[in-house]
Amino acid sequence: MDITTLYKIYLECTSVTTDSRNCPEGSLFIALKGDNFNGNAFAAKALESGSAYAVVDEAEHAPTGDSHYILVDNCLHTLQQLANYHRRQLGTRLIGITGTNGKTTTKELMAAVLLQKYNILYTLGNLNNHIGVPLTLLRLKPEHELGIIEMGASHPGDIKELVNIAEPDYGIITNVGKAHLEGFGSFEGVIKTKGELYDYLRERKNSTVFIHHDNAFLKEIAGGLNLISYGSEDGLYISGHVTGNSPYLTFEWKAGKDGENHEVKTQLIGEYNFPNALAAITIGRFFDVEPGKIDIALAEYAPQNNRSQLKQTADNTLIIDAYNANPTSMQASISNFRNMEVENKMLILGDMRELGKDGPEEHQKIADFLTECGFKDVMLVGDQFAAAKHNFPTYPDAPAVIEVLQKSKPHGKTILIKGSNGIKLSTVIDYL
């Protein structure tokens, strides 16, 4: 079936789903395949559960003569083509966002700011891969005035694939850091892959890039782009500086050289979130959101999903950043924690995954940095930290930490909890 015919069917449907367990009435089910599942096998179930049509790519799962089944060559490619076709039909202005750290938080802050003036669509959670991006685009409606499309990457070419589906008009790379080195091969591979967003926008007419002026790596690859700059240097489109960080981030910002000073008290933990907030301000002002409304949006935003959250328990104050970790974000979190003016600091840190051959060296650097900072009360979790040279106690996994906490629960501590999601440090929270 050609994409224009399929698009007419899509327009008749209430939504698009790839999960046979979640098939709203009148939806379009697209049967995707994974390492351990084949969506084709669930097409009949999807139709029984409420879907109006099922797109499949295996003939044995498309009964002859049944118009509710749509047979295509490749369901994933069809999903991506349909999303791109829909994006082109609507012509909605889209902002593409990627980066090693902070892209989800920055996206959420951007959304909070832009919602002060516009009806916008933005990526839910971290649905930012080759499936999540097209599913996000297929949620676009004619009433949406702007869209924010988050794009993740773990291999070279990932961002190129996503920008060719989404075709953004504007772009922002939050930063580049040492993450997914196993997939990228090197830090240079990270920079090149994230830079694929710049490469696309360089060729797109009337495109604009929002750039963190303080980041030398981004400036190096930003030649030939229409740049809107933000950072600490006075006179940029948006500039600012941190005024407080114990525990919540407070900062001042202004537009241009002689703009009015604004102070914002956020509910964000960490100075590393300052550029993320400046990015949201920059994009807000670019799209003419009133400064006062920007301040309110940033002040009212509360982080979720174990991303830089502050949680007060009966016994301790927790700084929870257990969703993800890489050398760049781990270093930033530890530095921020060192600078916080709080008593009785404790750290529970988990291994940083997907670093490949660089894993041992990067874990050693973090262990050395902890020693350099003078931290005494530290629990390190995972095989990689256990293999590094240091004097901190190590534990094989989160259950081993919980066992210790059950016997000897900390009291009156401010505790930083950070590690890759696979280490499951979020499970220790209930024992603190």
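**Notebook: a look through a predicted model**

I started with T193, which sits in helix α8 (helices, H or I with at least four residues, and strands, E with at least two, are DSSP runs numbered from the N terminus). This is a predicted model, where local features need pLDDT of at least 70 and side-chain atom pairs count only at pLDDT 80 or more, while totals for chains, interfaces and linings use all residues. Residues are numbered from 1 along each chain as its sequence is written, and side-chain values use heavy atoms, with hydrogens and water left out.

**Entry 1: T193**

Is T193 buried or exposed? I found T193 buried, at a relative accessible area of 1% (buried means under 20%, exposed over 50%, partly exposed in between, with a 1.4 Å probe and protein chains only). I then listed what T193 touches, not counting residues up to four places away in sequence: A153, H155, P156, G157, D158, I159 and F184 (contact means heavy atoms within 4.5 Å).

**Entry 2: helix α9**

Next I went to α9 (residues 196–203), where E196, L197, Y198, Y200 and L201 are buried. The cover over these buried residues includes β5 (93–98), α6, β8 (170–173), α8 (187–194), β9 (208–212) and α10 (216–220).

**Entry 3: the cores**

Which residues touch the most other members of the largest nonpolar core? Of its 57 residues, V16, L28, I30, V55, L137, M151 and Y198 do (a nonpolar core is a set of buried Ala, Val, Leu, Ile, Met, Phe, Trp, Tyr and Cys residues joined through side-chain atoms within 4.5 Å). Helix α6 (residues 158–166) gives the most to this core, five residues. Another core, of 36 residues, lies apart from it, and I97, A111, A112 and I172 are among its members. In soluble globular proteins, nonpolar side chains tend to be buried together.

I also checked L28 by itself. Leaving out residues up to four places away in sequence, L28 touches Y10, C13, S15, V16, T17, Y53, V55 and L82.

I found T250 in strand β12 (residues 248–255). T250 is buried, with a relative accessible area of 13%. Neighbours within four places in sequence aside, T250 is in contact with V242, T243, G244, E263, V264 and K265.

Q384 belongs to helix α15 (residues 383–387) and is partly exposed at 28% relative accessible area.

**Entry 4: positive phi**

Most residues other than glycine have a negative phi. I noted E167, whose phi is positive, near 50°. E167 lies in the loop between α6 and β8 and counts as buried at 11% relative accessibility. D288 also has a positive phi, near 65°; its place is the loop between α11 (274–286) and α12 (291–300). D288 is partly exposed, with a relative accessible area of 49%.

**Entry 5: the whole protein**

I finished with the overall picture: the protein has 16 helices and 19 strands. Its C-alpha atoms fill a box of roughly 70 × 55 × 40 Å along the principal axes. Buried residues make up 54% of the 432 residues. Among contacts with a separation of 6 or more, 62% join residues 24 or more positions apart.
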